[in-house]
Amino acid sequence: MKGILAFIFIFGVIVVVHEFGHFYFAKKSGILVREFAIGMGPKIFAHIGKDGTAYTIRLLPLGGYVRMAGWGEDKTEIKTGTPVSLTVNEAGTVTRINCSDKSLDDGALPMNVTAYDFEERLEITGLVLDESKTFSVDHDATIVEEDGTELRIAPLDVQYQNASVWGRLMTNFAGPMNNFILGFVAFVLFFFLQGGVADAGSNHVTVTDGGAAQQAGLVTGDQILAINGEKVSDYEEIATTIAKASQGATKAPILSLEVNHKGQTRVLDVTTKEQDGSYYLGVSPILKTGFTYKIVGGLKETLSTSMLIVQALKNIVSQFDLNKLGGPVAIYQISSQAADNGWGSVLRLLAMLSINLGIFNLIPIPALDGGKIVINIIEAIRRKPLKQEIESYITLAGVAVMVILMIAVTWNDILRVFF
């Protein structure tokens with residue numbers, strides 16, 4: 001159960017924060033966000049805000065999405081002959097088009113739609129009591145979809161393509177940007193939860209509860225000066241020396257430690273403990289506990305994680321192997337492992353996956369944010385947009401590639417985990 005909750009928490013937070021980036025900058029750019037959804041699947045709650053956005057909560061707590069008005073993002077479609085009911089104000093203008101079977105307005109006018117234009121002319125035509133009638137549609141009118149979701153219609157002036165090229169570029173970049181910010185915040189929270197940032201440049205150590213070092217009398221803050229007569233000045237040298245002493249051992253090695261404890265030097269013989277075929281002293285780097293250290297530590301960890309992920313992506317491109325990729329099944333598996341190790345591990349995993357998603361989305365593949373950003377840059381250089389047909393074909397090709405890749409990765413995860 002912990003694994004499921006950890007997966008929902010990690011996956012949900014990462015996706016919602018990503019989508020909120022698109023949502024915020026779309027609104028700043030004058031693009032109508034028709035729906036901001038938390039979760040997927042059937043709607044269980046909806047509220048239309050004063051900004052015209054429908055805020056919904058959906059049944060499956062797996063991420064969320066943003067529906068932006070406009071070409072390539074979200075369009076309203078009503079089939080010819082569809083029965084609808086119209087809410088008409090005193091001026092004779094339609095303020096709501098109800099395509100669902102729910103009765104929302106007792107005074108609504110029934111109509112079978114024959115034509116409509118919610119982008120330019122803002123009108124709807126249909127049969128009312130076998131008589132063809134045309135009504136003007138209010139700029140801020142809403143349409144109720146078949147599942148009962150009520151959204152604003154999308155006139156051209158509030159559509160995605162009507163925003164400035166820089167507004168669209170920022171809207172597309174904001175999702176990955178939010179993932180980097182989330183990764184940084186999660187790392188900072190991890191360091192606060194841990195109590196500080198590991199200082200690998202010091203030979204002062206933190207002693208693990210129940211470990212070999214604690215049983216031998218070491219306490220947190222002690223300074224290890226030498227191991228088996230070999231001087232050590234930082235934690236990397238401590239780890240290297242222990243690994244060297246343990247190499248090829250068939251039983252737990254006994255290490256002779258020269259330790260400085262509160263200004264007094266003493267020598268201790270410590271029998272290491274075996275775990276999963278390796279031998280451990282039971283120490284870790286001392287923590288730097290200052291507030292600034294935790295903030296700077298979060299920034300450094302974000303940057304180093306980003307570099308590792310970029311390098312990993314380069315390796316995948318140069319030597320493609322499905323086993324190097326992971327989808328929802330793999331994320332669930334590592335989420336379960338993180339949940340068993342406590343909140344610290346969950347926060348670290350959240351940070352790493354969020355940064356991973358941010359970098360992955362910046363890959364210039366059509367349908368990903370990176371592909372859209374490339375199109376925005378090309379448009380800025382050309383000073384005119386690509387033809388709608390060309391951009392649509394490019395996007396469809398990108399979607400096809402991503403769908404095939406996701407199916408292949410998920411199937412490979414299932415084979416690895418369950419068979």
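## The PDZ stretch

Helices (H or I, at least four residues) and strands (E, at least two) are DSSP runs, numbered from the N terminus. A UniProt annotation from an unreviewed entry, "domain: PDZ", covers residues 207-234. UniProt positions are given in the numbering used here, feature names are shortened, and annotations may be inferred rather than shown by experiment.

A quick note on what you're looking at: this is a predicted model, where local features need pLDDT of at least 70, side-chain atom pairs count only at pLDDT 80 or more, and totals for chains, interfaces and linings use all residues. Residues are numbered from 1 along each chain as its sequence is written, and side-chain values use heavy atoms, with hydrogens and water left out.

Now for strand E11 (residues 223-227). Four of its five residues are buried, so E11 is largely enclosed by the rest of the structure. Buried means under 20% relative accessible area, exposed means over 50%, and partly exposed is in between (1.4 Å probe, protein chains only).

Which way do E11 and strand E13 (residues 254-261) run? They are antiparallel, joined by four bridges, and Gln 223 stands opposite Asn 260 in E13. E11 also pairs with strand E12 (residues 230-231), again in the antiparallel sense, over two bridges. Two strands count as paired if DSSP finds at least two bridges between them. Ala 226 has Lys 231 in E12 as its bridge partner. The hairpin of E11 and E12 has two residues between the strands, and Asn 228 there takes a positive phi near 55°.

Put together, you get an open sheet of four strands in the order E12-E11-E13-E14, with antiparallel pairing. E12 and strand E14 (264-271) are at the edges with a single partner strand each, so one side of each has no neighbour in the sheet.

Most residues other than glycine have a negative phi. Leu 122, though, has a positive phi near 55°. You'll find Leu 122 in the loop between strand E5 (109-117) and strand E6 (123-128). Asp 130 also has a positive phi, near 65°, and lies in the loop between E6 and strand E7 (131-144).

Are these two buried or exposed? Leu 122 is buried, with a relative accessible area of 16%, whereas Asp 130 counts as exposed at 77%.

## Rings and charges

A search of the whole structure turns up eleven aromatic pairs. One of them is Phe 7 with Phe 11: the ring centres are 5.6 Å apart and the planes are at 15°, so the pair is stacked. Rings of Phe, Tyr and Trp (its six-membered ring) pair if their centres lie within 6.5 Å; planes under 30 degrees apart are stacked, over 60 edge-to-face, and the rest tilted. Phe 7 and Phe 11 are four residues apart in helix H1 (residues 2-28), so about one helical turn separates them. Phe 7 counts as buried at 12% relative accessibility, while Phe 11 is partly exposed at 26%.

Tyr 116 and Phe 118 make a tilted pair, 5.0 Å centre to centre with 40° between the planes. Tyr 116 is partly exposed at 28% relative accessibility, and Phe 118 is buried at 5%. There's also a cluster: ring pairs link Phe 20, Phe 23, Tyr 24, Phe 25, Phe 36 and Tyr 55.

The charged end of Arg 168 is over the ring of Tyr 160, 5.9 Å from its centre, and Arg 348 lies over the face of Phe 190, 4.9 Å from the ring centre. The rule is that NZ of Lys or CZ of Arg is within 6 Å of the ring centre and within 35 degrees of the ring normal.

## Transmembrane regions and Asn 172

An unreviewed UniProt entry places the feature "transmembrane region" at residues 6-25, 177-197, 349-369 and 390-411. Residues 177-197 are 86% helix and 5% strand, with end C-alpha atoms 25 Å apart. For residues 349-369, the figures are 67% helix, 0% strand and 23 Å.

Last stop: Asn 172, in helix H2 (residues 165-194). Asn 172 is buried, with a relative accessible area of 1%. What does Asn 172 touch, leaving aside neighbours within four places in sequence? Its contacts (heavy atoms within 4.5 Å) are His 22, Tyr 160, Asp 369, Lys 372, Ile 373 and Asn 376. With Asn 376 there is a polar contact between the two side chains, at 2.8 Å. A polar contact is a pair of N or O atoms within 3.5 Å; within protein, one must be able to donate a hydrogen and the other to accept it, and residues adjacent in sequence count only if both atoms are side-chain atoms.
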